[in-house]
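This briefing covers side-chain contacts, surface features and backbone points of one protein model. Please read it alongside the sequence and coordinates.

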Amino acid sequence: SGFEARGQFAHIAISGVGDIAASRAGVADAEDPPAESTNGLYLEVGYDVLHPAGSSHALIPFVRYERLDLGAPDPTLVMQGGLTYRPHPQLALKGDVARIDPGTDPETRLALGVAFMF
């Protein structure tokens, strides 16, 4: 139907956090103890605007949401939008803009990429 959707969730539990903290004693950036767990997720949806025309090419505008909790006081949130062009099923040209907010000093990033799938 031309719609694409994907997502992923991951949770990691870390054992021996006390030992890690003890081994980092005296290290300059070791004020905060390591997190006992981290998690993250992303959800992405897109639509191939060339699908209704029956084209062998694909042009897919997409949006993506990410939430990463790496043990910091605030999770990092990412809102991303972009465009993927597939002139062939095994070749993708992609560009996107992402707004990354780690709780302090948000930033905007532009990314361009080429992928060959084999």
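Is F118 buried or exposed? F118 is exposed, with a relative accessible area of 87%; exposed means over 50%, buried under 20% and partly exposed in between, with a 1.4 Å probe and protein chains only. The model is predicted, so local features need pLDDT of at least 70 and side-chain atom pairs count only at pLDDT 80 or more, while totals for chains, interfaces and linings use all residues. Residues are numbered from 1 along each chain as its sequence is written, and side-chain values use heavy atoms, with hydrogens and water left out.

**Aromatic pairs**

- Two aromatic pairs are found in a search of the whole structure. Rings of Phe, Tyr and Trp (its six-membered ring) pair if their centres lie within 6.5 Å; planes under 30 degrees apart count as stacked, over 60 as edge-to-face and the rest as tilted.
- One of the pairs is F3 with Y47, a tilted arrangement with 4.6 Å centre to centre and 50 degrees between the planes. Because F3 belongs to strand β1 (residues 3–13) and Y47 to strand β2 (residues 37–47), this pair ties together parts 44 residues apart in sequence. Strands (E, at least two residues) are DSSP runs, numbered from the N terminus.
- F3 is exposed, at a relative accessible area of 63%, whereas Y47 is partly exposed at 25% relative accessibility.
- F116 and F118 have ring centres 6.2 Å apart and planes at 20 degrees, so this pair is stacked. F116 is exposed, with a relative accessible area of 55%.

**Charge over a ring**

- R64 lies over the face of Y42, 3.8 Å from the ring centre. The criterion is NZ of Lys or CZ of Arg within 6 Å of the ring centre and within 35 degrees of the ring normal.

**Salt bridges**

- The structure holds six salt bridges, each being a side-chain nitrogen of Lys or Arg within 4 Å of a carboxyl oxygen of Asp or Glu.
- R6 and E4 meet through their side chains in one of these, at 3.6 Å from N to O. R6 is partly exposed at 39% relative accessibility, and E4 is partly exposed at 23%.
- E4 also forms a salt bridge with R86, where the closest N and O atoms are 3.1 Å apart. This pair links distant parts of the chain, with E4 in strand β1 and R86 in strand β4, 82 residues apart. R86 is partly exposed, with a relative accessible area of 23%.
- Between E44 and R6 the closest N and O atoms of the salt bridge are 2.7 Å apart. E44 is in strand β2 and R6 in strand β1, so that distant parts of the chain, 38 residues apart, are linked. E44 counts as buried, at 8% relative accessibility.
- Salt bridges with shared partners join E4, R6, E44, R64, E66 and R86 into one network.

- L43, Y65, L77 and M79 form a nonpolar patch on the surface, with about 360 Å² of accessible area together. Patch residues have over 30% relative accessible area and no salt bridge; like charges are joined within 9 Å and nonpolar side chains (Val, Leu, Ile, Met, Phe, Trp, Tyr) within 5 Å. Accessible areas come from the Shrake-Rupley method with a 1.4 Å probe, and for residues only the protein chains shown count as cover.
- M79 lies in strand β4 (residues 76–88) and is partly exposed at 49% relative accessibility.
- Q80 is also in strand β4, but Q80 is buried, with a relative accessible area of 13%.
- The side chains of Q80 and D96 are joined by a polar contact of 3.0 Å. Such a contact is a pair of N or O atoms within 3.5 Å; within protein, one must be able to donate a hydrogen and the other to accept it, and residues adjacent in sequence count only if both atoms are side-chain atoms.

- L91 lies in strand β5 and is partly exposed at 28% relative accessibility.
- The C-alpha atoms of L91 and D101 are separated by 31 Å, and the two residues are 10 residues apart along the chain.
- D105 is in the loop between β5 (91–101) and β6 (107–116). D105 has a positive phi of about 50 degrees although it is not a glycine, and D105 is exposed, with a relative accessible area of 65%.

Methods
Helices (H or I, at least four residues) and strands (E, at least two) are DSSP runs, numbered from the N terminus.
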